[in-house]
Amino acid sequence: MTTDDVKERPESPAPGRLPSPWKSTSFQLFFTARSASLLADGMLMVSLTTAVLGAGYGAGGVGYALAAWMAPIALLVLFGGVLADRFTPQVMMVCADVVRMLAMLTLAALLITTDVRLWQIMALMALSGAATAMFQPGVASMVPQVAPDIQRANALLRISEAMSALIGPGLAGLLVGYWQVAGSYFVIAAAYGLSALVLVPLRRLSVVREEGDDPVLHRLKAGWQEFRSRSWLWGVIVVWAVYGLFVFGPALPLGAALLTEQHGAGGYGWIASADGAGTIIGGLLGMRVRPTRPLVAGACAMFFFALNPLAPALGWSFTATVLTGVVAGCGFAFWGVMWATSVQSHIPLAVLSRVYAYDVAGSIMAIPLGRALAGPASAAFGADRVLLFSSAVSVVCLAVMLSIPAIRKLGREPEKAADPEPPMAAQDVPGAVGSV
């Protein structure tokens with residue numbers, strides 16, 4: 001089956017007539033599931049670090065455990081996209097949440113009953129990472145099925161992500177400090193369990209499911225063909241890979257080190273919170289602003305993110321750095337809404353999970369390398385100079401992105417080909433959202 005054989009979406013009504021996502025029971029369930037899983041993800045890093053250090057394996061052990069979690073995501077996310085298109089995103093997400101819940105419960109039990117070994121932690125984190133790789137590609141393809149207003153739905157999900165990033169680490173810290181580290185893993189497992197539970201009713205959605213017995217590699221190739229056939233899509237990902245290597249990679253570790261040195265640990269915490277607040281503001285703007293060229297508007301907003309590495313590099317005052325965090329977070333969130341909405345609006349539902357998997361793989365593959373090189377580069381040139389370079393690369397990357405005609409000209413909706421046949425009724429269109 002080719003994507004040209006299927007009309008996935010009914011004609012979109014004018015933006016002013018689109019109902020709020022909150023009026024859709026399907027979106028309410030999906031939003032609850034996504035928020036629960038994001039909260040668990042936000043808690044995981046604090047809980048993992050505490051567990052590994054408490055077991056006596058030091059900072060090196062934390063690095064090994066994080067690598068054990070991230071490697072399966074990078075290696076398996078493409079296969080997650082194939083399976084989501086084959087068995088439906090909802091099925092893969094429920095199964096992934098159940099696996100993650102069981103992995104966290106097992107780790108909690110080990111922390112209570114035994115002297116946990118590093119290899120045990122790494123094995124369970126690898127299992128959780130593999131499940132995450134199965135979960136993540138379905139997120140994008142679920143949004144158009146649960147909410148007619150894709151942009152507003154993405155904005156709400158971005159706000160939820162920001163709130164989870166703010167609340168998750170603090171909640172984990174409270175549980176670790178006032179209970180025990182195993183208790184935090186029980187809560188993480190409960191959050192994944194809640195996500196699976198509220199996703200179950202979404203099996204009633206009318207979804208586009210690819211049939212046939214094509215081998216996995218053939219399905220991967222089909223997804224790749226869909227990906228490479230759109231120059232606006234792979235153009236952004238190529239630029240984003242460079243951005244991840246030279247901006248996202250070094251900005252977090254080196255920025256955190258310099259900001260802590262300049263403003264203290266408490267000051268850095270407030271600056272990080274300001275970035276989260278900016279992300280919420282960017283999500284709110286994403287709900288209201290509907291540009292005719294969403295990628296252009298998003299890229300212009302991302303120019304503010306260049307201030308993120310610039311502030312610690314130049315040693316700006318605490319107040320100026322806090323304001324920088326707000327506008328940088330706002331720009332990043334607004335770009336995220338515009339990008340997700342563009343992908344979900346222009347890619348056929350039958351292959352959306354696979355295409356999104358290529359998006360995820362291409363976007364994140366360079367970030368770990370950038371973080372690994374941040375330390376040696378800092379030692380050789382100084383952290384401030386590396387971050388100045390990151391800020392400059394940020395501006396150049398976004399300028400290159402805006403210079404690509406396919407990116408610059410992409411509209412809100414895909415162009416409609418001439419069709420002599422009468423339009424299909426919404427209830428006859430494969431992929432139309434059914435009631436829950």
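Tyrosine 358, by contrast, is buried, with a relative accessible area of 13%.

The rings of tryptophan 224 and tyrosine 358 have centres 5.6 Å apart and planes at 55°, so the pair is tilted; rings of Phe, Tyr and Trp (its six-membered ring) pair if their centres lie within 6.5 Å, and planes under 30 degrees apart count as stacked, over 60 as edge-to-face and the rest as tilted. This pair links distant parts of the chain, since tryptophan 224 is in helix α7 (residues 216-228) and tyrosine 358 is in helix α12 (residues 349-364), 134 residues apart.

## Basis of the model

The model is predicted, with local features needing pLDDT of at least 70 and side-chain atom pairs counting only at pLDDT 80 or more, whereas totals for chains, interfaces and linings use all residues. Residues are numbered from 1 along each chain as its sequence is written, and side-chain values use heavy atoms, leaving out hydrogens and water.

## Other aromatic contacts

The structure holds 17 aromatic pairs. In one of them, tryptophan 22 and phenylalanine 27 have ring centres 5.6 Å apart and planes at 75°, so the pair is edge-to-face; tryptophan 22 is partly exposed at 40% relative accessible area, while phenylalanine 27 is buried at 0%.

Ring pairs also link Trp232, Trp240, Tyr243, Phe248, Phe305, Phe332, Trp335 and Trp339 into a cluster.

How values were computed: Buried < 20%, exposed > 50% of the residue type's maximum accessible area, 1.4 Å probe, protein only. Helix = DSSP H or I, 4+ residues; strand = E, 2+ residues; numbered from the N terminus.
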